[in-house]
Amino acid sequence: MNKKLFTLASTATVAAVALAGCVETKSDVKENDGNTNEATGDKVVIELLGMASSEQDLNIVRDQLVKNGFDVKLNIQPDYGSFKAQQDAGNYDIAASSWTTVTGNPDYAVRGLFKSDGASSNVADETIDKLIDEASTLVGDEAKEKYKELEQMLVFDNAYIAPLYISQKFQGIYKNEVNPDTVRLPKSRAQAWEAISFNDVAKNASETLVLHQTMGSLTSLDPVKGNDGSINTLNTNMYVRLVNLSDTDEVVSDGSLSYDHAIAENNEEFYFVLRDDINFAKVEGEKAVDTGDLVSAEDVVFSLNRAKDQNAVPDHRTYSLHENIETVEVVSDLTALESVKTAGGKSILEELSDKVPAAISEAVTAEGDVDNAAGKYQVVKITTPKAFPQVLNYLAHQSGGIVSEAAVTAVNTFDVASYDPNKDIAYGDQAAVTEGATYANHLAASGPYILVKKNDYEATFVKNPAYLAGTENEPKVNDISVRFIADNDSALSALRNGEIHVLQSVPETKTDVVEGDANLVLKTADSNAVSYLLFNTKEDRVTASADLRKAVLHSINQEEFISFYQGKKKPAVSTVTPLIDTGLKLQADQAKVKEFINAYNASK
């Protein structure tokens with residue numbers, strides 16, 4: 001999983017935050033006895049499930065529900081595994097959930113979560129399904145209106161979720177060594193390493209840039225086999241993509257494999273004119289070596305066909321992101337580019353010609369015929385089965401990384417159906433880069449860096465010598481170490497001591513520590529991370545009732561969360577909110593709570 005941002009700029013909001021003070025604790029809450037079953041006098045018992053890491057949020061929700069007449073039973077689990085086990089078993093009425101849209105597009109923010117066949121959905125509603133599919137085909141104001149309809153149905157009409165807040169991103173930089181202006185903090189995409197530079201640029205060739213992540217066990221260095229925090233940043237920087245996301249979630253060709261891209265007016269055909277100044281790198285003796293193998297259209301076709309094919313690799317974890325790719329092909333005829341128009345009326349050829357170094361005189365299909373300086377380019381065409389402009393956002397995801405057809409097929413010689421992880425080695429397995437392993441490093445990187453070795457302490461990367469050399473996107477630093485530090489407090493201490501140079505995620509409770517340290521700089525950006533309550537709609541739970549869910553929904557006071565987090569949260573309506581401001585707002589309303597509780601009691 002991006003665009004229109006909420007702000008807390010109004011004086012009224014800031015004043016409200018300042019005056020709200022601390023959120024009431026359970027002992028402070030005065031319960032509202034009006035929301036009981038008049039026949040029995042019993043209060044509605046709600047079971048609230050969450051993790052220990054979200055205990056503060058759970059306490060605030062509990063207090064708000066108690067104040068509105070509910071009897072709340074907390075079920076706090078120590079970690080995600082035990083939380084998920086409870087959720088899968090259905091042992092909850094409300095679960096504290098969160099979602100971050102890392103692709104920058106609203107379709108990713110809703111499809112898997114709320115569509116009937118979504119991988120993480122417990123919503124089964126044909127109207128919601130239809131709205132999700134219709135919204136995915138639209139752009140601009142039409143898309144905004146359709147997502148507004150979706151939010152209305154999802155939140156206010158059916159109360160399938162109850163939003164809590166949008167989080168922000170906080171990044172710490174050791175400014176004594178690293179130039180803060182070169183360290184990006186994108187809204188969605190993973191950290192971009194190639195731009196980072198030391199203050200003393202001479203150190204870029206001699207010193208190691210030290211970064212950080214919490215997880216040291218890597219899912220897979222094959223970009224289609226993993227989609228989690230252990231590899232998202234690593235694979236983003238090891239494999240180039242057809243397009244990228246800007247720091248504010250616009251789809252751009254900057255720093256990608258394409259000079260430019262164009263969309264046909266039907267929003268079903270997408271064209272990319274490829275560069276010829278990126279080669280694959282391999283590892284020899286812990287050094288990155290230029291293979292001389294161009295990252296070509298053939299590799300793009302191979303990579304994206306396997307990205308969308310669930311059976312291309314064992315344990316394929318990202319195929320659903322690319323299920324709307326119907327065909328990937330290399331264009332062989334320039335007249336085909338001249339006859340297709342964009343929504344702006346220009347031909348695809350005209351659109352693709354704006355940023356190329358020499359006029360496009362020939363569309364070549366073979367890698368050996370490519371010569372951009374002579375006007376010979378490879379052009380890739382992607383089609384979707386229906387209008388789906390958001391396919392570009394999925395192509396910008398790390399799973400859209402371009403791999404070497406030669407390198408992958410040389411390693412993946414096993415039969416996928418009978419793959420045995422105990423004896424088969426697959427492309428990207430961390431065993432191939434772990435110190436002491438019997439396997440040779442088989443990675444082939446199309447991106448700015450390649451992983452040369454790994455242990456329990458760190459992963460070491462080296463600059464790809466054949467990645468956009470001489471351009472503004474050539475990597476600045478030669479050597480990067482990613483330190484594995486699981487504990488956030490320890491990571492912050494390492495930053496303060498200069499042991500790491502960038503801490504990508506500063507806990508919001510520790511931002512004052514960074515701001516108060518003369519050696520550090522704190523950067524802040526909006527994010528696509530939304531926290532919300534997810535209801536269990538199974539028939540045996542009280543939250544099967546839409547009236548009861550709406551009573552819970554209107555019990556939520558988001559200003560109390562914003563106050564508790566000292567203004568470092570923002571209002572939300574759904575997981576779409578950080579991406580498209582539909583204009584809808586959630587307001588706590590005790591009168592509505594009582595209305596819906598009475599309707600629930602009357603229906604029993």
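Let's begin with Lys 130, which is exposed in this predicted model, with a relative accessible area of 53%. Its partner in a salt bridge is Glu 134, and the closest N and O atoms of the two are 4.0 Å apart. Glu 134 counts as partly exposed, at 26% relative accessibility. Both residues belong to helix α5 (residues 126–136), and because they are four residues apart there, about one helical turn separates them.

Now compare a pair in another setting. Arg 483 forms a salt bridge with Glu 458, with 3.3 Å between the closest N and O atoms. Arg 483 sits in strand β18 and Glu 458 in strand β17, so this pair ties together parts that are 25 residues apart in sequence. Both Arg 483 and Glu 458 are buried. Five bridges join β17 (residues 458–463) to β18 (residues 479–484), and the two strands run antiparallel.

These strands lead us to the sheet around them. It is an open sheet of four strands in the order β5-β18-β17-β16, with mixed pairing. At its edges are β5 (208–213) and β16 (449–454), each pairing on one side only. β16 and β17 form a hairpin with three residues between them, and here Ile 450 stands opposite Val 462 in β17. Five of the six residues of β16 are buried, so this strand is largely enclosed by the rest of the structure.

Back to salt bridges: the whole structure holds 29 of them. Among them is the one between Arg 62 and Asp 63, at 3.0 Å from N to O. Arg 62 is buried, with a relative accessible area of 12%, and Asp 63 is buried too, at 6%.

How values were computed. Residues are numbered from 1 along each chain as its sequence is written. This is a predicted model: local features need pLDDT of at least 70, side-chain atom pairs count only at pLDDT 80 or more; totals for chains, interfaces and linings use all residues. Side-chain values use heavy atoms; hydrogens and water are left out. Two strands pair if DSSP finds at least two bridges between them. Buried means under 20% relative accessible area, exposed over 50%, partly exposed in between (1.4 Å probe, protein chains only). A salt bridge is a side-chain nitrogen of Lys or Arg within 4 Å of a carboxyl oxygen of Asp or Glu.
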